[in-house]
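Okay, thanks for coming, everyone.

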Amino acid sequence: MKLLKPLWVTGKRRVSTWSPLATAFNTRPTSRSRPIFDSLRERTGLFNKPELTSFEGFHLLKEQAITATDRLIDEATSNPTRPMVDIFDELSDTLCKVADLAEFVRIAHPQPHFASAAEEACISVSGVVEKLNTHKGLYEALRDSVKRGTCGDQHLAELFLFDFEQSGIQLPEGPRQRVVALNDLILQTGQQFMAGAAKPRRVPREAIPQNVRQFFSSEGEHVMVSGVYAECGEAAAREAAYRLYLAPDQRQEQLLSATLQARHQLADLCGFRCYADRAIKASTMETSANVQQFLDILSDNLHDRANIDFEAMAAMKRKETPYQKSLMCWDTPYFTHKAKTQLLNVASSDFNPYFSLGACMEGLNMLCQELYGITLQSEQMLPGESWSPDVYKLAVVSERDGLLGHIYCDLYERPGKPHQDCHFTIRGGKLLPDGSYQNPIVVVMLSLSGGHRSGPALLGAGAVDNLFHELGHALHSMLARAPHQHVAGTRCATDLAELPSVLMEHFAACPDVVRRFARHFQTGAPMPEDMLQRLCASKHLFGASEMQLQVFYSALDQQYHGREAARGGDTTDVLRQVQKRYYGLPYVDDTAWQHRFSHLIGYGAKYYSYLISRALAWAVWRRHFAAEPLSRSAGEALRQGLLRHGGSIPPQILLRDYLETEITPHTLAMALTEELDYHRDQLDTVFKLANK
């Protein structure tokens, strides 16, 4: 069998200095690129699980999990001889091994029969979990073990109790049934709201100004508006799209109001002042009052800084469209993009050849080696192990501890695959009874194009950030060594879970790091220094106005889920008031962008978490890495002081001990303010050099 060479490595421009890892990722795997004798090897199942050689294996996995669950319930409720949290964690591990795997396969597998079988398994396991959440005997056994001091890990026991009590199991029968009904209502209205939030708007052609109709797709006498056209160069088209796409929707208002009211009633039944307090408990911030204080301090700090950004954008708008002088909400994404392009001084696509997928993976491997003494090693998969032929498999190997786990990299777009960048836990880490460790298995998913014989996948700056971000989640899972899987790796408070991934974005924006791996995929030449400095600086352009927007979103989320939610009322009236208080641009009459804000469902009362994660990541970066980004001692301190614990220690305590400072709303708000000022000074330096 003749093996074909990729066209991009032929001729005089061939580069022979790529590492084996970079070479592997610079070539997109196909079924034809498997070893010649691959078909003769014994076939395994998905993720090397022998049960999943066929989609029918999901039924077997589900039945095995149910049998094990029944056994563990009997143990927990019959005078157990081991700590109660160990039984509960085994319950959690047993169900998560099926549920997490099935959820991923349901979303990602290209074959309908596999996806359908996985979905059925998800539904079945969800039913088992619902049964456990309402199992009075199980709850009482855990509660009593906590009282007797025989539960084992106190923090984990309290987390399990809180999970129970969110279902109202501690309540009398009537209120408990009401909690169950409210949870069901929230699920239904939330799903419907999210579906409506992404739905394009169909409007009559005459609703679009005639001079911009060419920017919209037509369906007979109607026009489809599928977004806000944020980066469109025609101001009138941006305005039309914004007003039409974000016009109030009565059905969305009903669904959102019903969801918010149900959440408030649920929180009230469970003994919380508001839903925000219920959602924020056990997080770094602990209470909604702390979140509000953080947002208010940060908002005050941002006011003047964001206005400087808006004035600069307004000047750009006056120069481009003298007849439209006022800067509006539909303008900021366009002028931010335009300013970045001007700063870069070349087309953004001119950077892409320096960021082949292989080069980026080489950079990530370099970081892992320098910081943690671990390597990312490409492994050949067994027949049947992967759900798609273009998936890579990485073994994460420590120079001290050996194999830590596996990362499957599903990085290329394909028909039917969700266009989202995310990290999935397939199996969590866990200390086993024999003293060995159950190594984690995760998937990193992107939607890259390219990687065929004409050349490797070439990443834009945003895609590089996303790759580093998602690998940050994966490495958190790999480096964690919590004894219980329920709190291993990313199974922790949202604001803590995002810290390692946001920190990785700092490495992706650091010239000293990028310089180590950004080189042309054909010539091997490093990225020119001027290009590199401009690129890293451009990531922070108009950072204050962008952060102010995130504060506005977070404040609105808090207001919707705060004590005022009991009053009900029109959600647009609330939005108008919050926008006036927290954002520097005015509300646009007859719009209701909250009807498109699906994060109100998925992140209910926790949208602020990204800002907290960013503040924490900056605190880590400035204290431990800014002066020496590739310091092994700093990497080891991060690994031992933070990453290895996952959610096994309350986040306030974990972060206080690692950062050696109290974690308060004030310190976090000031950390973000300091980050903005630091990057503004960097930008000033780059601008001065550019103008010489």
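Before anything else, when I say contact or touching, I mean heavy atoms within 4.5 Å. Two bits of housekeeping as well. This is a predicted model, so local features need pLDDT of at least 70 and side-chain atom pairs count only at pLDDT 80 or more, while totals for chains, interfaces and linings use all residues. Residues are numbered from 1 along each chain as its sequence is written, and side-chain values use heavy atoms, with hydrogens and water left out.

Let's start with Q548. You'll find Q548 in helix α19, residues 543-561; helices here are DSSP runs of H or I, at least four residues, strands are runs of E, at least two, and both are numbered from the N terminus. Leaving aside residues up to four places away in sequence, Q548 touches L302, H303, A306, F310, Y582, Y583 and G584. Is Q548 buried or exposed? Buried, because its relative accessibility is 4%, and the cut-offs are under 20% relative accessible area for buried, over 50% for exposed, and partly exposed in between, with a 1.4 Å probe and protein chains only.

Now compare S217, in strand β2, residues 217-219. S217 counts as partly exposed, at 43% relative accessibility. Beyond four places in sequence, S217 touches H222, V223 and M224. And if you want a sense of scale, S217 and P433 are 216 residues apart in sequence and 61 Å apart in space, C-alpha to C-alpha.

On to a couple of covered helices. Helix α8, residues 235-245, has nine of its eleven residues buried. Among them are R238, Y242 and Y245. What do the buried residues of α8 pack against? That would be α7 (173-197), β1 (201-204), β3 (222-225) and α12 (332-344).

Then there's α16, which is largely enclosed by the rest of the structure because nine of its ten residues are buried. The buried ones include P500, L503, M504 and F507.

On a 1 Å grid over the protein atoms alone, a cavity is a set of points where a 1.4 Å probe fits but cannot get out, and lining residues have an atom within 4 Å of a point. Points are joined across faces, edges and corners, and the volume is the space filled by probe spheres set on them. How many cavities of 30 Å³ or more are there? Three.

Helices α14 (461-479) and α16 (499-508) are the elements that give two or more residues to its lining. That lining splits into nine nonpolar, two polar and no charged residues. The second largest cavity is about 60 Å³, and its lining has four nonpolar, six polar and two charged residues. R427 and R491 are among the residues lining that second cavity.

Last stop, cysteines. With a disulfide taken as a pair of cysteine sulfur atoms within 2.5 Å, the count is zero. C270 is in none, and the nearest cysteine sulfur, that of C274, is 13 Å away, so that's too far for a bond. Both are buried, C270 at 13% relative accessible area and C274 at 2% relative accessibility.

Note on methods
On a 1 Å grid over the protein atoms alone, a cavity is a set of points where a 1.4 Å probe fits but cannot get out, and a pocket is an open set with protein on both sides within 12 Å along at least five of seven lines; lining residues have an atom within 4 Å of a point. Ala, Val, Leu, Ile, Met, Phe, Trp, Tyr, Cys and Pro count as nonpolar, Asp, Glu, Lys and Arg as charged, and the others, Gly among them, as polar.
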